[in-house]
Each structure stands twice: as C-alpha cells, then as structure tokens.
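Please look over the following points on helix geometry and helix packing with the coordinates open beside them.

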Amino acid sequence: MCRHLLGDDGRDDHVRLLTGRGLEYDMCCQDCDKATGDGSPVQLLVACEGCVARCADTYWNLIRWRGSAGIGLRPEPLDTSVRDTPLPVDVVDFAPVEGPGSVWLLLDHDGRIGRFDADTGGWTVLAETTVPAEPDHEPWAGHELRRSLHASADGRFAAVVNDFGHHGQVLDLRTGAVTMVLHGGDHRPDTVPFSLAMLEHQGRTLVMHRTEWNRLDVSDAATGRLLTGREPASHTAGRPRPEHYLDYFHGTLHLSPSGRYVLDDGWVWSPVGVPHVWSVDRWLEDNVWESEDGPSLHWLDQRAYYWNNPMCWLDDRRPVIAGIGGDEEAMLDGVRIFDADTGRETAAFAGPTGALFADGRRLYAAAATGLEVWDPDTGERTGQLPGFVPPAITGAPGSSRPPPGGCCGAGVSRPARSRREATGRTGDRCGRRRPLRAGSAWWRSGAAIVIQMGGNRKVFYHLLANTLLVSVINFTVWFAITFYVYLQTRSVFATSIIAGIFLVMTALTGIWFGSLVDHHRKKTVMQASALISLTLYAAAFVIYQLTPEREFTDPSSVPLWTFVVLLMLGVIAGNIRTIALPTLVTVLIPEAERDRANGLVGSATGVSFLVTSVISGVLVGASGMFWVLLLAVGVLGAAMLHLGLLPVPERPPGAAQAEPGEQAAAPDRRIDLRGTLRVVGSVPGLPALILFSAFNNFLGGVYMALMDAYGLSLVSVQAWGLLWGVLSTGFIFGGLLVARTGLGRNPLRLLLGVNAVLWSVTILFPLRSSVVLLAVGMYAYMLLVPYAEAAEQTILQKVVPYERQGRVFGFAQSVEQAASPLTAFLIGPIAQFVFIPLMTDGAGADAIGGWFGVGPDRGLALVFVLTGMIGLAVTVLALRSTPYRRLSGYYLEQPQSPVPAGEPAVDADAVDLDEEPDRDRTHRRASSS
C-alpha cells in the first residue's frame, strides 16, 4: 500500500494496482495514482492486515483498477463447426421448446407466435399477441421498449412482455387464448426489463411475474389464479414502514437449473444494483413473503449504477454475476461466483465478459472476439470460438438441468434471415443439439443455445445507403467543379483555391455542425443538410445557364467564383452527415462491432469516390456542369424522400442525461466550445491524437491541392477520372477488410502504424514520372486509409460521452482540417512559382534531374516526396510518445457498456420515491465515506 492508506487515519478510497498474477493487487490512493501519469512510480510499503482489511473488505471504496489481471489458459479440444438455418419470418425474439430435434417458438414483428422446427424448416403459426405497443414510452438511459418472448418447457404456454414497459400477456398456444393479462406496475418500469420467468412446479406450469415495482407474484399459467396472494405492503414517505415492506426494483429473473432458486437482477435507490437470490420452494410452499424478507433471501452484493448486466447459474446452487467491483466506474471484466444457500462469494476470476451461460461444467462468455469457454473451478480459459459473438442477448441464461457436457450457440444473421448454430464439444462428451432460450433461463438436454439478435442493423444499412447516395452527388459536384475550372482556366492556382475553400469552410463549420448534431435529432439535421445543398445547387444551375461561357475562362471572373462558392457551400452542407453518421453508429451498433461498422462507412466512402470519379470526369467532358447539376438536384430530392420514410431510433436531445421520471430540461443550443474542450482534455492523450491528425492533414493538404494537377499532367481528364474510379476500389476493399477483420484490441496503435505506411507510400510513388507507379502507390494508400479513419472514429465513440460526440467529432474535424487550408493556399503558389521552375530549368533540375527527371510534373513530385519524409518522421516520434501510451491505456481501461451514473442506496424513509437518483459522483463518494 502507499503510505497515505496506512494507519487508522488513513484514507479508504483507493486504486487497486493489478500485478498480472490473477486478481492479486497492491493499493494506492488517488494522489499517488495520478502521479503515475506523470511518470512517477508509486512508492509502496508493506501493510498490516488491519490496514488492508479496512480498505479492501468491500469494493465500495475502490476508485478504479490499474494494470492487467492474470488470465490462465488451458486449451481443451473444442469443435468449432458452424451451420446456418434459414428463418421463416423476421424474428423479434426466440424461445426453445422441449422435444425431438431443434424446435423453437418464434415471435415476429406482427405479433405472431409460431412453432419452428430448425431441422425440417417447418413453420406453424399458433397464436397472435395483442400486448399494447406503448407508443408514449420514453427511453431512459437508452432503454428502448422491446418485445420479449418466454415459453414453458413443453411449449404449451408463451408469455410476451414489453421489456422496460408496463404490459404483457400469457397465452395458451393450444387454443390461442390469452390466459393472463400482465401489468408490471407504473413506477419506473423503464429502468428494468419486465420481470418474468416460467417454471414447472408439482406438475403445473407457473408464471413468476412482477405486479408492482417492488412486488413479485406467482400465478397458474393455465387459469391465471394467483398463488402468492398477500396484503399490499405499500409505504408513504414520512410514515412508518409496514411489515414486509421491500424497497427494491425487481429486474430480470434467472431461475436455477431445477427451478429451486431465483436470481433477481434489481436495484435500490439511489441507484445501486443489488442482485437477490431466494428459494422458490419456500416461497410457494412455506412463506408468501419469502421474496420480501424470508430467511432464504440473500443480497449478494451492492454495486453503484450497475444492474441489467450478465448473470447466469453455473449449477443449481451457484449463481454467477458479471463484473468485479462495487461501482460501474470501477468495474473489472470478470465474474464472481456465490453460494445461493448462504449468499457468500466463493470465487472470482478476471477475464469473462459479455453474455454468460453455463452447462454445469463450464462457463461460457460471449466476448467481443468470440465465444469463450472457462473452467469455473480454476478460472482458466479452456477454449474459444472466434468470430461467433452473440452481441445482444435478452437476459443471461441459466439452466433447468445440467446437460452431460458441451454447448451450442445460436445467432441471427439479419440480412440472411437465418439462425446460426455452433456446436462446441468439450473433450469426448457432447450432448444433442438443443436450444437455450436467452433470457428465460432454461437449458435443454445436452447443449445450450444463445440468441444473437444484432440490434438496429437494418436502420444502419438504410442510413449508410442514403448517406452514400448523398455523398456521391456531393463529391461529384466537388470533383466536377475542380475539373471544370482547371479545363476552362488551365490554372493550378485556381484549383488550389477551390480546395482551399473546401478545407477552410470545413474547418470553420465543424464545431457548429457538431453542436447542431448534438442539439437536434440526427434525422432532422441530415434532412436539413440535404435541403440546403439542393437549394444551393439549384441556384448555381440558374447562374450557369444565364452566364456566357467565356466568363468561366477567366480565373478572375466574378461570375465564375460566385458559381464556385455556391457549389462549394452546397458540398460543405453535406459535411453535417459525416458528423451525424458516426454518432448514430454509437446508438445503432453494439460496441464490439463498431469498428466493423466504421469499416463499412469507409467502404461507402470508397464507393462514392469510385462512382464520383467516373461520372464527374465523363459528365464534365461531355457537357460541362449542365448534367452534373441536374443530377445533383434529382438525387438529393430522392435521398430526402427515402430518409423521410425511414424511422431512425435515436435518443432525443437530452435523453442521455435524463434521470428516470425527471422533467427533461430544454436542450442547451450553444456551441459550447469550452465544454467540448473540457471533454477532450479530460481524456488522457486525446488532444495529442487530434493534433497529430491535424498535422497529418496539414501535410495531406498537398494531396488536395496538387494531386489532380499531377495526375492530369500524366493523362487526359477522361483517363484521370476513370483511373480514380479504379483507385477508389481500394477504399472499398479497405473498408470491407475493416468490416471483416476489425481493428484489434488497440486501434490507436493500428492508426499510427497505418500512417507510417501511408507516408512511406507518399515518398515512393513520385520517384518516377509514371502513371503506373502513381496508380500502384495510390491504390495502396486508398486501401489503408479506411483503417486509419475507422480507428479514430472507434476511439472517439468509446472514450467520448454520447451526448457530446457530435461536438467532439465536429471539433476534431475543425482542428484536423484547420491546417489543410494553409497548405492548400500556400502549396499551389509555392509549387507553381518555386518547385515547378526548380525542376524545369532551375537548380533542382541540374542537381537531381538526371535520375529524378525534369519538368513541371517533377516539381510536383518533389513536393510529394518531401511531404512524405516529414510525415513519416512525425509518425515515428508519435509512436514513442507519452500521450500515445496514455491514450492507449485509457482506451483499454474503458468498460464496454457504460451505464448511467448514480449514487449508493439510502434508507427508504430518507428519500421520497418520486425523487430521482443523484448523479453527482462527488457527492456519492463523500456520503459513502
């Protein structure tokens, strides 16, 4: 321990410094921890048992973890074969049914419940639910209303409920009749999924369900008869608490394999996740108050702001909960195992993350990189199924009875409408393929199935296609006006000014556009962006038609530059979409897949370059700007119509910070540069990353200003346009590679490595005056750029709060682009009046012209070579810098799925239940100590 934690007067709040040997750690105070950021080592002293116990007996005083835990590996044989099974309908949720073969109940978007035989493909509709849709539901902390399907073991009964909502139904699938109408209570249902589980007891199918925020009941599924009737135990603030009163919000229910115990993932004010476990048998046979205060009821732990997280049953006695720590801001990936009879923790080990389930012998975790198999007795990882990741599971599975061994995983591939199964056989034992319903906590004999739902991919694909359409036309206008002005005026200076206009306006508008994205609905700002571009293009078309063509041949012509500025403003308005789309990736795509989604965005950019390069060169060569502008107006109109018909499930302004029941304040419409700077500055190393990107763009301005002139000096405008079309396939394939492979554990390291390669390419391709060498070099460049762009977006999406992402993306865009205009404005004149003469008949031609070549194109080539040398040197220095290490460490330490902040529980008598949890973490720390 550090010296500040020693003694009776020592501090309690501390940082645990993992040593790399399992969960072994040292401890230091916050001041000593902060000193390590400046490179100062922590001075540790040997401590007595009393000092250690005072700090470490609970997780409540833990501020954060540092370092890495040790993870043991003991590979065992594992069959990783995978098969796909087509689904008959678009599925909302799944539930398994016992019987021969792989039989499922499916709930579709129309509310139909059907029986599906995955082996034969047979599909029979059995019933239709009429659970109310609750259109007035307002998500809290991102909890969108969702339908959830539960089923009895024999498949006779099904329950459909609105998770994070009020309503549900139980249906008899033999008759299609509704046997029970469910209501989970009116007080804060949006904080937890609908509490429901189905179990078999003494030959009857029973339904365990929430009837109020703090009350569970059990009813007969066939008749709806209540089996746990008891008088209400409500409480009014300021009056004595009645006997059996429970101050607890019931959450997801997880039944043990035999149904002997139930694990409840609920929370208490304000707010602390408190997993409960109690005996179902005692509840049904001895004590109707067992779920409130019975002798078998145990609180397993208290974890500030941490509930709705993975849990499962290892066997019929040992519940497993995800996360090691007492606060969502100090949570280490791993699991803790408890004894249901005593409520005591029996084991803990680091490593497992994602949805959890078990087969009585092994623990399974749906990690970001693939399904993992763990030995719960030793804490060692024994196997992996790479690439098979159930990203969204409707609850954490348990088991109704342990299978003889093995595990299966099932996932949904949305575009293919299929169910994906992967058999995992451990050792020589493997059970038959049987499904496990994700959420209802049932195993089937022999194996388990996990459901992979995949989130809002369909909406993301529509948005991606819409943005692609708009990007194509905006890029076409930009490329076309550059080509057109060069061909009309033959002025490199004029084309560099156009590039400079684009980059200056991009730099000046980024922060403002980001504030628009944060303060308004993303769909609204995207529509406004398209409307502004359409209006400006229409105005430019009028000018083009009314202005004599000779006016466009003079580089100093006012009509020419009026025309150019209108078009470039229309192009700039499209930049709002480049800020809005990454923030929507944060909302629509699970974190484990965002790098791949960002890769698809890169592919879309490549497609836009491909189409743009071809059609802009062809259209300008054939008819000047006439068909370019007509096409622009038509395409933007179609894009607006498509987006207008697309429902975009996003958080409304302010929802990310609103507490349950809190009256949302009017959103702040300010640009708030100071607040954005605070957010950027609070992330170690992030300012350096943005500055590094800005310097790269400073050098990259050379490409913007000179590449067209360099290429057009080697080939015709038509050939140059077609060549860029071919080169743009590199961007497409690069983005697809990112979507396929991801970015790895540390995107920052990949970002800098890619930059080193890019600058090396910049040095090499201009060494000879060859269009072939240019094409090869630029193809490699285009292939790698999507990795760099996806890496930066993925970093920002993880380390920046969602409600600030628009402004931070806009700020990064402004800062990163701010240097490029300087290059674009300066490099054109410098190339025209310095380097081109230097390499035509000047000293450069005399000195290196013999091997480098002479002429105007070699002057431009020399600029590229010098730019690449500077960029490579700066990238190597960045890889060795302290900000790089800090940001890498910070990124890797961030939790995968942050949840809203809050403070610990307080007694119900001390708080009005209509109040909202305090989000002030400083207050929480002070009150806890």
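1. For the packing values below, axes are lines fitted to C-alpha atoms, for helices over the stretch in contact, and angles run from 0 to 180 degrees between N-to-C directions. The model is a predicted one.

2. Helix H7 and helix H11, the latter covering residues 626-644, pack at an angle of about 160°, and their axes lie 9 Å apart. Since angles over 145 degrees count as roughly antiparallel, H7 and H11 are therefore roughly antiparallel to each other, and their crossing is left-handed.

3. H7 (residues 522-546) also packs with helix H8 (residues 558-573), here at an angle of about 165° and with the axes 8 Å apart, which makes H7 roughly antiparallel to H8. The crossing of H7 past H8 is again left-handed. Residues of H7 including Ile-532, Leu-536, Ala-540 and Ile-543 meet residues of H8, among them Phe-563, Leu-566, Leu-567 and Gly-570.

4. At the start of H16, a side-chain oxygen of Ser-770 comes to within 3.2 Å of the backbone nitrogen of Val-772.

Note on methods
Residues numbered from 1 in each chain as written. Predicted model: local features only at pLDDT ≥ 70, side-chain atom pairs only at ≥ 80, totals over all residues. Heavy atoms only, no water. Polar contact = N/O pair within 3.5 Å; in protein donor to acceptor, adjacent residues only side chain to side chain. Helix = DSSP H or I, 4+ residues; strand = E, 2+ residues; numbered from the N terminus. Parallel < 35°, antiparallel > 145°, perpendicular 65-115°, else oblique. Left-handed = near helix turned anticlockwise from the far one by under 90°. Contact = heavy atoms within 4.5 Å.
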